[in-house]
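Subject: Structure handover

Hello,

Here is the structure for you to look over. My notes follow below it.

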Amino acid sequence: MVNVPRLVIAAPSSGSGKTTVATGLMAAFAGRGLAVSGHKVGPDYIDPGYHTLATGRPGRNLDAYMCGPELVAPLFAHGAQGCDLAVVEGVMGLYDGASGQGELASTAQVAKLLRAPVVLVVDASSQSRSVAALVHGFASWDTQVRIGGVILNKVGSDRHEALLREALEESGVPVLGVLRRAEQVAVPSRHLGLVPVAERRGDAVGAVAAMADRVRGGCDLDALMALARSAPPVPGAGAWSAAEAVGACGEPVPLPAPSRNRGLRPRTPAPQTPPDFVRGDPQGLDFGAHVVAVASGAAFTFSYAEHSELLAAAGATVVPFDPLRDEALPEGTRGLVIGGGFPEVYAPQLSANEPLRKAVAELALSGAPVAAECAGLLYLARSLDGLPMCGVLDAEARMSERLTLGYRDAVAVSDSVLAATGTRMRGHEFHRTVLEPGAGDAPAWGMHQPERRVEGFVQQGVHASYLHTHWASAPGTARRFVERCKG
């Protein structure tokens with residue numbers, strides 16, 4: 001039974017102030033000496049970085065699309081273990097989820113799965129009495145979603161506040177905070193959202209402190225804590241464990257020997273999911289301490305905490321390194337993981353680090369396992385915006401005006417270090433770059449939505465793709481990767 005006091009911070013729409021309120025609450029309660037766990041609904045990598053800064057604990061994602069609804073409560077319990085309070089920041093509007101999938105992956109669904117009260121953050125800048133109708137509509141739309149209070153944002157004056165409070169008295173939903181319009185906290189953003197914490201550490205610390213001050217000054221923290229404590233236990237939700245997840249995978253499917261042949265033909269997607277991993281006895285795991293280097297630093301900030309936890313549980317020694325600064329891979333590297341981020345912003349520095357680019361290329365050429373997502377894919381390309389990259393992939397990358405964004409259903413179309421042919425996974429794309437060609441002779445994934453296409457590259461031990469995946473949904477991915485590290 002999960003019985004951590006908890007709140008879900010939601011809003012009628014994006015841009016209402018969820019991040020400011022959620023992060024400010026985390027920091028304000030942490031400032032009271034409480035152990036606070038921060039969570040984010042959906043695939044977003046950036047907001048959890050601010051949550052980490054506010055709480056001192058890893059920010060974690062709760063994504064019912066990529067991981068399945070059944071893992072939401074266990075992953076929440078894993079992240080919130082030993083905490084006095086958990087704050088879950090929603091995504092988009094309260095009832096917005098995966099396109100065409102009903103409530104799937106919405107903040108409302110996560111709130112129901114966690115049996116957590118919702119605090120609705122309302123942008124009140126252009127309304128007065130109408131706020132009551134808005135709140136009433138959100139509170140009554142789904143009776144299984146409990147809206148326990150409202151925080152009014154962008155309130156213009158004392159008179160404006162009085163009108164809003166008077167209107168909301170009729171709704172029966174209490175006002176738990178009022179934030180004035182003149183007190184907005186400046187958090188820099190660019191083409192994919194907020195600037196990650198790793199790129200502006202000093203400024204980010206100041207921004208989080210300002211959010212905390214704003215929330216402390218405008219919100220009733222005692223009432224919010226009482227609301228959080230009113231959440232009933234979540235039945236049957238034991239905490240997720242990386243060790244148990246990896247152990248339950250059984251024996252990995254044998255992998256093909258590394259090949260230098262780049263002329264493989266794309267395979268036809270299998271009509272059903274093959275038994276990639278068979279559930280079995282979790283005892284007897286012994287992969288040895290193989291070093292898996294994980295790209296980090298300002299250029300590669302997109303990573304789910306569970307990925308490193310799964311790699312460690314599978315027997316790897318996970319060592320971070322910064323491609324902007326380190327001229328060599330960590331000593332003893334047997335595998336490499338390069339996640340997402342903003343390599344386009346740091347292309348000159350990445351290109352200038354020729355010793356590391358050469359080391360990455362040599363590792364890939366040796367047949368060692370290399371997993372690259374989005375930014376990692378661009379880093380492995382021949383060039384990015386005309387600047388030399390690692391040259392592992394025979395492809396050119398460039399910035400584009402077009403935003404590619406959305407959930408994806410994918411099937412592995414080539415056997416790789418991450419998945420056997422035919423393995424189905426759900427993922428997410430989020431980028432403003434174009435890679436030409438977009439797929440190699442042996443593509444990584446076949447996509448069905450929004451259009452049918454193949455995407456990514458599988459060659460030797462390299463698996464490179466735009467698709468972001470969450471390995472908690474398929475822990476055999478980590479075990480398979482570490483198994484290849486044994487060489």
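How many cavities of 30 Å³ or more does the count come to? Two. A cavity here is a set of points on a 1 Å grid over the protein atoms alone where a 1.4 Å probe fits but cannot get out. Grid points are joined across faces, edges and corners, and a volume is the space filled by probe spheres set on the points.

Some ground rules. This is a predicted model: local features need pLDDT of at least 70, side-chain atom pairs count only at pLDDT 80 or more, and totals for chains, interfaces and linings use all residues. Residues are numbered from 1 along each chain as its sequence is written, and side-chain values use heavy atoms, with hydrogens and water left out.

The largest cavity holds about 240 Å³ of space. Its lining has 25 residues, each with an atom within 4 Å of a point. His307, Val337, Gly339, Glu373 and Trp471 lie nearest the centre. The lining divides into 15 nonpolar residues, nine polar and one charged. Gly counts as polar.

Helix α1 covers residues 18-31. Helices are DSSP runs (H or I, at least four residues) numbered from the N terminus. Of the 14 residues in α1, 12 are buried (under 20% relative accessible area, 1.4 Å probe, protein chains only). Among them are Lys18, Val21, Leu25 and Phe29. Gly33 follows α1, with a positive phi near 90 degrees.

The structure holds zero disulfides (pairs of cysteine sulfur atoms within 2.5 Å). Cys67 is buried at 6% relative accessibility. Cys374 is buried too, with a relative accessible area of 6%.

Best wishes

Conventions: Helices (H or I, at least four residues) and strands (E, at least two) are DSSP runs, numbered from the N terminus. The expected span of a helix is 1.5 Å times one less than its number of residues. Buried means under 20% relative accessible area, exposed over 50%, partly exposed in between (1.4 Å probe, protein chains only). On a 1 Å grid over the protein atoms alone, a cavity is a set of points where a 1.4 Å probe fits but cannot get out, and a pocket is an open set with protein on both sides within 12 Å along at least five of seven lines; lining residues have an atom within 4 Å of a point.
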